[in-house]
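Subject: Structure handover

Hello,

Here is the structure I said I would pass on. My notes on its pockets and on one strand pair follow below it.

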Amino acid sequence: MTIAVCAITEQGRRLAEKITAGLSSTVLLSNGQGVRSTIEQAWDRYDGLVCIMAAGIVVRCIAGLCRNKRVDPAVVVVDDRGEHVIALLSGHLGGANGLAKEIAAAIGGRPVITTGSDVSGHTALDLWAEEHGLAVVNPELLPELGTRLLDRGTLKVFMDGSWKLPLPPDFRGCARRQEADVVIAPQGEVPNSALWLLPRCRYLGLGCRKGAPVADFEAALDDLQRRFGLDPRSVAAVASIDVKRWEPGLRQFAEVHRWPLRFFSKDQLNLAGAPSASPTVFAKVGAHSVCEAAALLAAGTLGKPAKLIINKVKWKTITAAVAQREE
């Protein structure tokens, strides 16, 4: 987590130096161009912003910058004396709550946490989903579901038959999707009032010609969506053969989608039991299959069984296959 610290007064700057010295990956920003300009320039460059000043100043500076909880940085406000450390924005997914506690411990201040689940002791839905590899399909319902949990004390959760996740004490399993507050399923109908959590259980295996541009990877993904209904939000990672490790188009494709990249040797791929075998590919890289074998190996690396749900598809410069991890 990269963190930028800014302060206005001399007293605040001394406190900022103390915070910067006590936390890793932290930089102290110059305030020469004014507070608003400093915060605006840091907004997309850092995972967290620590502002040592009045909360009102920070609110006015960031009001036009906020987009959503998945992309906004953590914002923590500290008063000049270091007595109160306020998690102002992106408390859960952004990490502001944890950052506020860490700073408070470092300077002897008091963390101020206002997120409902932390105050009440209930499960934070967004954090729980992230911890279990679940993508939130309809995040606009998160505030409503959080309120429902606070008001009722419990949420009813339906899990598709192939998924058996341990539920926290304030979640109750239910047998029908129509009754559920939260539905965990890779596909199917979901009530309009229910939060849909999509398991990131699919692994995209890729082969490519040397120098294949990122646009070709994106076009292949679009085609997989259109022809096979692949939801990119269900993809956990992409995989290929190790000789493609430095292909810029492949690396850029994974980076844009924030997907981890995994690589396997030809010997590993040849043990994967992929259904398709290509003499041409074997002659070039020594593996009978790249995309199918890489997808199967990536999906099975957590010790879970895996199955191929989209067999090898070929385009001019790309081949792709998709395997699904089974619970």
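Helices and strands here are DSSP runs, helices of at least four residues and strands of at least two, numbered from the N terminus. The model is a predicted one.

Second largest pocket. Its volume is about 550 Å³. It is lined by 23 residues, with Cys208, Arg209, Val281, Lys284 and Thr319 the closest to its centre. Strand S12 (202–208), helix H11 (279–285), strand S15 (306–314) and strand S16 (318–325) are the elements that give two or more residues to this lining. H11 provides the largest share, four residues. By class, the lining of the second largest pocket holds nine nonpolar, eight polar and six charged residues.

Largest pocket. The space in it comes to about 960 Å³. Its lining has 31 residues, and those nearest the centre are Arg70, Val71, Arg200, His257 and Arg258. Two or more residues of the lining come from each of strand S7 (134–136) and strand S13 (235–241). The lining of the largest pocket splits into 15 nonpolar, four polar and twelve charged residues.

Strand pairing. S13, which contributes to the largest pocket, also pairs with strand S14 (residues 261–264) in the parallel sense, over four bridges.

Regards

Key
Residues are numbered from 1 along each chain as its sequence is written. This is a predicted model: local features need pLDDT of at least 70, side-chain atom pairs count only at pLDDT 80 or more; totals for chains, interfaces and linings use all residues. Side-chain values use heavy atoms; hydrogens and water are left out. On a 1 Å grid over the protein atoms alone, a cavity is a set of points where a 1.4 Å probe fits but cannot get out, and a pocket is an open set with protein on both sides within 12 Å along at least five of seven lines; lining residues have an atom within 4 Å of a point. Grid points are joined across faces, edges and corners, and a volume is the space filled by probe spheres set on the points. Ala, Val, Leu, Ile, Met, Phe, Trp, Tyr, Cys and Pro count as nonpolar, Asp, Glu, Lys and Arg as charged, and the others, Gly among them, as polar. Two strands pair if DSSP finds at least two bridges between them.
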